[in-house]
Amino acid sequence: MLVIGLILLVCLMPFLHIIAMSLSSKHAILSDLVTLFPRELDFNAYVIVFKDARMLWSMGLTIVLTVTFTVVSMIMSICAAYPLTKERLKGRKVFMLLIVFTMFFSGGLIPEYLLVKQLGMLDSLTSLIVPGMISAFNLIILRTFFASVPASLEESAYLDGSSHIGTLIRIILPLSMPAIATLSLFYAVSRWNGFMDALFYITKPELYPIQLKLYQVVMNSMVTDLTAQEGASQIESVPESIKAASIMFATAPILIVYPWLQRYFVSGVMIGAVKG
C-alpha cells in the first residue's frame, strides 16, 4: 500500500503543482515559492481566463464537438461491430484483417491531409470528426463484447419476430452498457485532448477547440491577448499563472465527467478483452 501511495503521489505532483501555480500570487511565483500548495492565494488568473470570450467560445465549441464526435463514433462502431460477430457474414475474416491492418499501418500525415483537403473539409468541424470517427482498437473491443452475449437470447428474439436491428437495440445494447460507456469515455477523451488535427486542418480562430487554444497559451502566443483586454493593472499578472489557470480550465470538464463513467471502465475493458 505504501508503494501504491508513493506512485499515486508522484503521478499527482504535476497536477497539484499546476493547481498551486494557478492560485498563487505574482510575488510567490516570481519568488519561486510555489510547490504543491498555493502561496498567497490569488484568483486573478482565473478571472482573466473566464473573462476572455474567445476562451469561453472554444470551451463551448469543444463540448459540442466532443459530444457529437462521441455519439457519431459509437453509432458507427456499433453498426460495424455487430455484423462482424455473425459467422454467416461472408468475408468476415477479410474485414477483420483489414481493420487490424489499419492499427499498424497508415498512409501517413501528408496523404491524410491531402485527402481531407480534396474532400473539402478544411476549416470545418467535419475535419475533426470524420477522419477519426472509428477506432480499430475500440471496434475490436466492442465486437468481442457483442460476441460474448449468449446466442440463445438472440435466437429467442428472432423466434418472437424481432428483426436484426430490433434485437440489437432491445437486447444487445442494454446488455453491453459497460462496454459502450467505457468506449464512449475513450472516444470523448481522445477528442477532448486532440489538437494535432485541429492544428493541421483549422485556420479560423472561431473554430479552434480548447486544446488548440490551450496550446497557443502555453506556447506564449496568446498570453498578451488574454491579458491586454483586461487593462494595465492585469497585464502585470504572471504569464505562468495564466497558463496554469488555462490548463485547469481545459482539464476540469473531462475530470468532472470521468467519475460518472469510471465504474464501467474496468468491467467494460476486461470483459471486452477476455471473453470470446
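**Notes on the predicted model**

1. Asn-44 belongs to helix H3, which covers residues 44-51. The model is a predicted one. The relative accessibility of Asn-44 is 21%, so this residue counts as partly exposed, since buried means under 20%. Lys-26 is 18 residues away from Asn-44 in sequence, with a C-alpha to C-alpha separation of 9.6 Å.

2. Helix H4 (residues 53-81) packs against helix H10 (residues 177-193): their axes come within 9 Å and cross at roughly 140°. The two helices are therefore oblique to each other, because only angles over 145 degrees count as roughly antiparallel. The crossing of H4 and H10 is right-handed.

3. On the H4 side, the residues making this contact include Met-59, Phe-69, Met-74 and Ile-78; on the H10 side they include Ile-180, Leu-183, Tyr-187 and Trp-192. Sorted by class, the contact between H4 and H10 has eleven nonpolar, seven polar and one charged residues.

4. The largest nonpolar core has 30 residues, and Met-74, Ile-78, Leu-142 and Phe-146 touch the most other members. At least two residues of this core come from each of H4, H5 (92-104), H7 (136-147), H9 (164-175) and H10. H7 gives the largest share, six residues.

5. Beyond its neighbours within four places in sequence, Ile-78 contacts Pro-83, Leu-142, Phe-146, Leu-168, Leu-173 and Ile-180.

6. A separate core of 17 residues lies apart from the largest one; among its members are Leu-23, Ile-48, Val-49 and Ile-210.

Notes: Residues are numbered from 1 along each chain as its sequence is written. This is a predicted model: local features need pLDDT of at least 70, side-chain atom pairs count only at pLDDT 80 or more; totals for chains, interfaces and linings use all residues. Side-chain values use heavy atoms; hydrogens and water are left out. Helices (H or I, at least four residues) and strands (E, at least two) are DSSP runs, numbered from the N terminus. Buried means under 20% relative accessible area, exposed over 50%, partly exposed in between (1.4 Å probe, protein chains only). Axes are lines fitted to C-alpha atoms, for helices over the stretch in contact, and angles run from 0 to 180 degrees between N-to-C directions. Angles under 35 degrees count as roughly parallel, over 145 as roughly antiparallel, 65 to 115 as roughly perpendicular and the rest as oblique. A crossing is left-handed if the near helix is turned anticlockwise from the far one by less than a right angle, and right-handed if clockwise. Contact means heavy atoms within 4.5 Å. Ala, Val, Leu, Ile, Met, Phe, Trp, Tyr, Cys and Pro count as nonpolar, Asp, Glu, Lys and Arg as charged, and the others, Gly among them, as polar. A nonpolar core is a set of buried Ala, Val, Leu, Ile, Met, Phe, Trp, Tyr and Cys residues joined through side-chain atoms within 4.5 Å.
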